[in-house]
Amino acid sequence: MNMLLRALSGVSLAALAAPLCAQDSAPPDDIVITAERAVELAIQQVEETPGGADVVAATDYEDKVAVSLRDALAFSPGVYAQPRFGQEVRLSIRGSGISRGFHMRGLTLLQDGVPINLADDNGDFQELDPLVLQHLEVFRGANALRFGASTLGGAINGVTPTGRSASGLTFRLDGGSFATARALAGYGMADARGDAFVALTGDRSDGDRDHAGRASLRLHGNLGIRLTDRIETRFYASAQTIRQDLPGGLTRADIFANPEKGNVTGDQERDIDSIRVQNRTRFDLGGGTLDIGVFLSAKELFHPIFEVVDQVSTDWGAYTRFDVERGPFALSAGATARSGSVRSQRYRNVNGDRGARTFLADQRARTIDLYAEGRYRPAEPLTLIAGAVYTSGLRRQDAVLPASASGRAHYDEVSPKFGLLFEPVAKVQFYANYSRSHELPGYIELAQIATFVDLASQRGWTAEIGARGALGPARFDIGLYRADLQGELLQFSVAPPTIPAATFNAGRTRHQGIEAGLDIDLTSWARLRQAYQLNDFAFRGDAQYGDNRLPVIPRHLYRAELRLGTDAFHVAPNLEWAPQGGWADYANSFRAGGYVLAGLTASAAVSGGLEVFLDARNLGDRRAIGDISAVTAFDPASAVFTPVERRAVFGGVRLRLP
C-alpha cells in the first residue's frame with residue numbers, strides 16, 4: 001500500500017501539473033466560479049429541500065484548528081459531533097448510530113458526491129479532512145435523498161475546491177499545545193479549457209491524553225476538462241496515511257482525578273492507508289444536468305484492540321444523477337451501485353503486534369440505491385414534493401478460522417417521502433415532510449466475533465416541520481422532528497475479550513427533538529451565532545427496558561459564539577453548555593453530569609493575504625465526561641467514558657496568493 005500511495009502521489013501531481021504548463025492565461029469571466037459562488041449554489045439546493053439542511057463554508061471554521069468534523073460542524077443545527085481523541089468523533093444526527101462507541105453508522109458520508117462509506121455502509125470519517133474542504137453540505141434524515149441516502153441521520157457531503165474556486169496559492173501552518181503541528185499547501189489554476197487543484201496536508205500531535213498521539217499525511221487533487229461547452233469531465237484522487245494511538249475509555253473517577261490517563265495495554269491503534277479515485281462527467285442538458293461517475297477505493301486497516309484487526313478492502317462502484325426542470329415541474333433521480341470485498345483477519349494482540357491468527361474470512365457486500373424525487377409548484381409560494389429510495393443489499397461472509405462457516409443476508413427496502421415548501425415572503429420558508437428511513441446492518445453488526453448473526457434492517461417513519469430564512473438582522477433555521485423506529489440497531493460494550501461488542505434489533509424506539517440555529521448581526525462589527533438541540537430518545541414499551549431513555553447523547557446541548565470586530569481583526573469568545581450529560585446505560589442507573597466549556601478564537605489580517613489566528617479551548621480547564629460507550633448496566637469500574645478536551649492553546653498563520 002505504501003508503494004501504491006507513493007505511485008498515486010506522483011501520478012496525481014503529474015496529471016495536475018500538466019494544465020499548468022499548457023497555458024498561463026486567466027480564465028474568462030463566464031467560467032469563473034469562486035468559492036463564495038459555489039457555496040451560494042449549494043445553498044440554492046438547500047432552499048429546494050422540504051426539511052432540515054444547511055451548508056457550512058470553510059470560512060466559518062477557518063480560525064479553528066479543525067482536526068475533525070467536530071469543529072467544522074459545531075454550529076450545524078442538529079449535528080451532534082463530540083471529540084473522543086484525535087480525529088475520532090462521535091458523529092450523529094437525530095440519534096443515528098447512538099450506541100456505536102467507535103467508527104460510524106447511520107450516516108452517509110461523501111466527498112465530492114461519492115460515498116466514503118464502504119459497500120456495507122460502515123465508514124471511517126477520519127478520511128474526510130476539514131482542512132482541505134471548501135464547504136460541507138448537511139442534509140438531515142430523508143432530506144438526503146438527493147444522494148440516495150436512506151438512513152435516519154441523512155448525509156454529509158464534503159466538497160473540495162477546484163482550480164476555478166481556489167485559484168492561486170494557499171498556505172497554512174498551525175501549532176500549539178500537546179506538540180501539535182499541522183500544515184497545508186494548496187494550488188489551483190484554470191484556463192478556458194480546464195482547471196486543476198492539488199493540496200497536501202500534514203498533521204501530528206501527542207494528544208491531550210497518554211497514548212493518544214497521531215500523525216497523518218494526505219494528498220487531494222482534481223483535474224477538470226471542458227470537453228465541449230456543455231460537457232465537463234473531472235478526475236479526483238486522494239491518498240492518505242493515518243496513524244492514531246487509542247487511549248481507550250476511563251472510569252468516572254479517572255475522568256475527574258486523572259483525565260490525561262490513557263490505556264497503554266496492547267498498544268492499541270487505528271492505522272489507515274487508503275486511496276480513492278473517481279471520475280465524474282457532467283452533461284449540461286439546457287434546463288437540466290446529467291452526471292455519470294465511477295469510483296474506486298482501496299484501504300488497509302491495522303487496528304490492534306482486544307485482538308489485532310487486520311483488514312484489506314477494495315470498494316468500487318458507479319453512479320448517475322439526473323436533474324431537470326420544466327416550468328412548474330422538476331425531477332431529480334439517480335442510482336448508486338457499490339460493491340466491496342474485505343480480507344478480514346484477526347490475531348492475538350502481543351503488545352500491538354500480530355500473534356497467532358484467530359480469525360480469517362472473506363467478506364463481500366453489495367449495496368444498490370435507486371432514488372427519485374419530483375417537485376411541483378402549483379402556485380408561486382408553494383412547492384409539493386414526493387419521492388422514494390429503493391435499496392438492495394447483500395452481505396456475505398465466508399470464514400475459514402476459527403472454523404469453516406458461511407453466512408449470507410439479503411435486504412430489499414423501499415422508503416417513500418412526501419413534503420411541501422411554502423415561501424410566504426422572500427427569504428422565509430416553512431417546510432414539512434413525512435418520510436420512511438431504513439438502515440441495513442454492516443459487517444460490524446452481522447459478523448460479531450466469528451458468528452454471522454441474522455439481523456433485520458432498522459426501519460422508521462419520521463415527521464418533520466420547520467422554518468428557515470432571514471428577517472432583518474437575524475438568520476434562522478429551526479426544525480422539529482419525531483421518528484418512530486422499529487428494530488433500531490443498538491450496540492453496547494461488554495467486558496472484553498469474551499464478547500467485546502454485541503448488537504441487537506430493539507423493539508420500538510422513538511427519536512424526537514429540536515434542531516435550531518440562530519445568527520444575529522447585532523451591529524456591523526458584532527455577530528452572535530447560536531445552535532441548540534433537544535435530543536429526546538427512548539424505548540417504547542420494551543420488554544426489558546420499558547420506556548427508559550436511550551443512553552449516550554445528552555438531552556440538551558447549546559453552543560454560542562460572539563464575534564466582535566471586522567475581517568481585519570476580530571475576537572470571538574465561545575461556549576458549549578450541556579446542562580446534564582447522557583445516560584451511561586440502558587438501565588438508566590447512572591447519568592453523567594453537565595458541563596460548560598469556554599473558548600476563544602481571534603484573527604488578524606497582516607498584509608498581502610497574510611493572516612494570523614488564535615484558537616484557545618476549555619479556558620477554565622474543566623473536567624467532565626464528554627462521550628460515553630453504552631453498557632447494559634453501569635458499574636463504577638466501567639471504563640466507558642471519554643473526557644472533554646483539556647485546556648489548549650493553538651495558533652497559526654495562513655497565506656493566500658492569487
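**Strand pairing and salt bridges: group meeting talk**

So, let's start with the strands: β31 and strand β32, residues 610-617, pair in the antiparallel sense over seven bridges. Pairing here means that DSSP finds at least two bridges between the two strands, and strands themselves are DSSP runs of E, at least two residues, numbered from the N terminus. Before I go on, this is a predicted model, where local features need pLDDT of at least 70 and side-chain atom pairs count only at pLDDT 80 or more, while totals for chains, interfaces and linings use all residues. Residues are numbered from 1 along each chain as its sequence is written, and side-chain values use heavy atoms, with hydrogens and water left out.

Okay, back to β32. Its Ala 616 is the bridge partner of Leu 600. β31 and β32 make a hairpin with two residues between them, and Gly 608 in that turn has a positive phi of about 55°. On β31's other pairing, strand β30 (residues 569-583) runs antiparallel to β31 (residues 591-607), with 12 bridges joining them. There, Glu 576 stands opposite Leu 597 in β31.

Glu 576 turns up again in the salt bridges. By that I mean a side-chain nitrogen of Lys or Arg within 4 Å of a carboxyl oxygen of Asp or Glu. With that rule you get 57 of them. Glu 576 belongs to a network of salt bridges that also links Lys 64, Arg 70, Asp 71, Arg 559, Asp 615, Arg 617 and Glu 645.

Now, which residue does Asp 284 meet in a salt bridge? That's Arg 230, at 3.7 Å, N to O. Asp 284 sits in strand β13 and Arg 230 in the loop between β11 and β12, so this pair ties together parts 54 residues apart in sequence. For exposure, buried means under 20% relative accessible area, exposed over 50%, and partly exposed in between, using a 1.4 Å probe and protein chains only. Asp 284 is partly exposed at 36%, and so is Arg 230 at 48%.

Next up, Arg 354 and Asp 310, whose closest N and O atoms are 2.8 Å apart in their salt bridge. Arg 354 is in strand β17 and Asp 310 in strand β15, so parts 44 residues apart in sequence get tied together. Buried or partly exposed, then, for Asp 310? Buried, at 12% relative accessibility, whereas Arg 354 is partly exposed at 46%.

Last pair: Asp 484 and Arg 540 form a salt bridge at 3.3 Å between the closest N and O atoms. Asp 484 is partly exposed at 28%, and Arg 540 is partly exposed at 26%.

Key:
Helices (H or I, at least four residues) and strands (E, at least two) are DSSP runs, numbered from the N terminus.
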